[in-house]
Amino acid sequence: MIDVRWKAFLFILSLSAVSLFVWLTTSVVIALLTFSSILLIYLSIQIHGLYQLQSWLKRPILKDIPEGFGLWEDVFNAILKYERNNNLKKSDLNSALERFNTVANAIPDGLVILSATNEIEWCTANAEYQLGLNLATDMNLPIVNLVRNSHFIAYLYNGVYDEPFKLKDSRNTEAILEIWLIRLVSKQKLLICRDITQLEKVDSMRRDFIANVSHELRTPLTVVGGFIETLSDMEGAVPDNIRSYFDMMQDQTTRMRRLIEDLLTLSHIESNTQPPEDRLIEMSSLVNMLHNDAKALSNGKHKISLDFDEHLNLTGAADELLSALGNLVSNAVRYTPEGGEIHISWQPRNKQAVFSVTDNGIGIEQQHISRLTERFYRVDRSRSRETGGTGLGLSIVKHILTRHQAKLEIRSTLGKGSTFSAIFPESRVIHK
Ligand code: ADP
């Protein structure tokens with residue numbers, strides 16, 4: 001297709017040539033008349049084309065586009081092509097959007113997109129149902145005006161979204177939703193909600209079952225253990241040749257009792273959905289207590305040192321933290337051979353506070369580290385048993401730390417030793 005500028009140029013050239021020819025063959029007046037009449041006709045055609053374009057632009061329907069004449073034929077053809085391409089892109093975009101909506105609505109989890117300032121921008125039908133929203137009326141409203149749960153609001157504003165949030169549905173007290181928040185690059189947030197009512201029911205049945213069984217086993221075991229102890233202590237009651245069996249029975253009942261105590265502790269912490277009481281804990285006395293416990297447990301077999309920042313304190317439940325941190329200390333003693341060194345530390349790290357126990361004991365192979373907090377996961381069963389372990393210690397530690405929004409960090413090298421650190425968030429740290 002020739003450029004319109006060329007077409008106009010060719011026209012002016014031809015017009016000039018014709019006028020020149022008329023001038024040469026007739027007179028200058030006729031030539032001028034011819035020139036201006038042709039120019040007038042040309043101008044009328046352009047004005048008509050412009051008028052056609054203006055009329056069409058008032059109702060730009062593709063099928064009504066004029067055919068045009070001369071230069072305008074090219075212009076209308078170009079508009080036609082452009083509009084067709086646009087329509088194709090629009091329909092591609094529409095079908096992609098439709099596909100996205102169909103897929104998003106087919107996902108059983110509810111999805112909500114929140115703006116940087118937490119207004120609802122978009123959500124799926126499942127999110128509308130689960131959170132009681134209505135996109136048509138709630139779009140651009142702050143989500144905190146619609147999901148009115150103080151814990152959810154605190155979670156949203158806290159800005160730490162590593163763990164999901166469990167939301168009890170205020171309209172249906174039975175229902176429990178699990179909420180995940182993910183930050184998007186555009187500063188918006190993606191909220192994913194999932195109905196975990198059934199899962200929670202099964203989990204609570206499992207917890208109740210374990211708690212009940214443990215509770216039921218505690219009494220007969222105390223009786224059996226008591227009798228074994230009494231018989232062992234009674235002179236002449238146990239013949240010497242079977243005394244070793246009695247010692248074994250006593251060891252096993254003690255182990256079972258420890259296991260039951262740990263199971264009861266774990267199920268108590270797991271079923272406790274209330275946040276831990278937030279009391280100020282004087283950490284210097286707590287770490288000193290742990291240091292003394294470690295020395296008592298080690299019985300002089302290890303070199304145990306302590307360093308701590310006496311102004312660094314925490315808020316939380318002292319009894320729970322004593323049990324969790326005590327577990328880390330007792331593990332260090334139990335998994336460090338005689339003559340080894342153990343270092344307990346309580347120090348700030350950036351704005352957080354870190355309690356860590358470092359030992360130069362047996363260490364752990366990398367492949368086991370991520371699984372250590374699973375119930376009954378033990379790297380070496382016989383060693384754990386020998387040292388009186390139940391395999392539940394680190395699960396209890398993890399639960400207690402999670403309740404305090406703290407994290408457990410494990411660094412270890414086989415044969416060289418380990419460092420177990422409990423990292424507490426800034427929100428729990430008090431400098432005093
Ligand atoms: P257990 O009662 O068996 O000690 P825990 O849950 O406390 O159970 O620990 C899980 C496993 O982690 C242990 O069986 C042990 O293999 C490993 N472990 C824990 N602490 C240490 C440590 N300080 N050094 C080496 N291994 C450790």
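This report describes the domains, sheets and helix packing of a predicted model.

## Basis and domains

The model is predicted, with local features requiring pLDDT of at least 70 and side-chain atom pairs counted only at pLDDT 80 or more, while totals for chains, interfaces and linings use all residues. Residues are numbered from 1 along each chain as its sequence is written, and side-chain values use heavy atoms, with hydrogens and water left out.

The domain assignment gives domain 1 (4-101), domain 2 (107-195), domain 3 (201-271) and domain 4 (279-431); such bounds come from an automatic or database domain assignment. The centres of domain 1 and domain 3, taken over C-alpha atoms, are 98 Å apart.

## Helices α1 and α2

Helix α1 covers residues 4-25 and helix α2 residues 28-58. Helices (H or I, at least four residues) and strands (E, at least two) are DSSP runs, numbered from the N terminus. The two helices pack at an angle of about 155°, and their axes are 7 Å apart. Axes are lines fitted to C-alpha atoms, for helices over the stretch in contact, and angles run from 0 to 180 degrees between N-to-C directions. The angle makes α1 roughly antiparallel to α2. Angles under 35 degrees count as roughly parallel, over 145 as roughly antiparallel, 65 to 115 as roughly perpendicular and the rest as oblique.

The crossing of α1 and α2 is right-handed. A crossing is left-handed if the near helix is turned anticlockwise from the far one by less than a right angle, and right-handed if clockwise. On the α1 side the contact includes Phe11, Leu15, Val18 and Trp23, and on the α2 side it includes Ile30, Phe35, Ile38 and Tyr42. Contact means heavy atoms within 4.5 Å. By class, this contact has 13 nonpolar, 2 polar and no charged residues. Ala, Val, Leu, Ile, Met, Phe, Trp, Tyr, Cys and Pro count as nonpolar, Asp, Glu, Lys and Arg as charged, and the others, Gly among them, as polar.

Two strands pair if DSSP finds at least two bridges between them.

Strand β1 (residues 110-114) is joined to β2 by 3 antiparallel bridges, with Ile113 partnered by Trp122 in β2. Strand β1 also runs antiparallel to β5 (residues 189-195), with 5 bridges between them; here Leu111 has Ile192 as its bridge partner. Strand β4 (residues 176-183) pairs with β5 over 7 bridges, again in the antiparallel sense, and Ile179 is the bridge partner of Cys193. A hairpin is formed by β4 and β5, with 5 residues between them, and Lys187 in its turn has a positive phi of about 75°.

A second open sheet has 3 strands in the order β6-β8-β13, with antiparallel pairing. Its edge strands, β6 (279-281) and β13 (429-431), each pair on one side only. Neighbouring strands are turned by 35° against each other on average, direction ignored.

Strands β6 and β8 (residues 312-316) run antiparallel and are joined by 3 bridges, and Ile281 has Leu314 in β8 as its bridge partner. Helix α10 (residues 283-298) lies across β6 and β8, running at about 90° to β8.

## Packing around α9

Helix α8 (residues 197-233) and α9 have axes that come within 8 Å and cross at roughly 155°. The two are therefore roughly antiparallel to each other, and their crossing is left-handed. The residues of this contact divide into 13 nonpolar, 8 polar and 8 charged.

Helix α9 (residues 243-271) also packs with helix α14 (residues 393-403), at an angle of about 25° and with axes 10 Å apart. That makes α9 roughly parallel to α14. The crossing of α9 and α14 is left-handed. Asp262, Thr265, Leu266, Ile269 and Glu270 of α9 meet Ser395, Ile396, His399, Ile400 and Arg403 of α14. This contact has 4 nonpolar, 3 polar and 3 charged residues.
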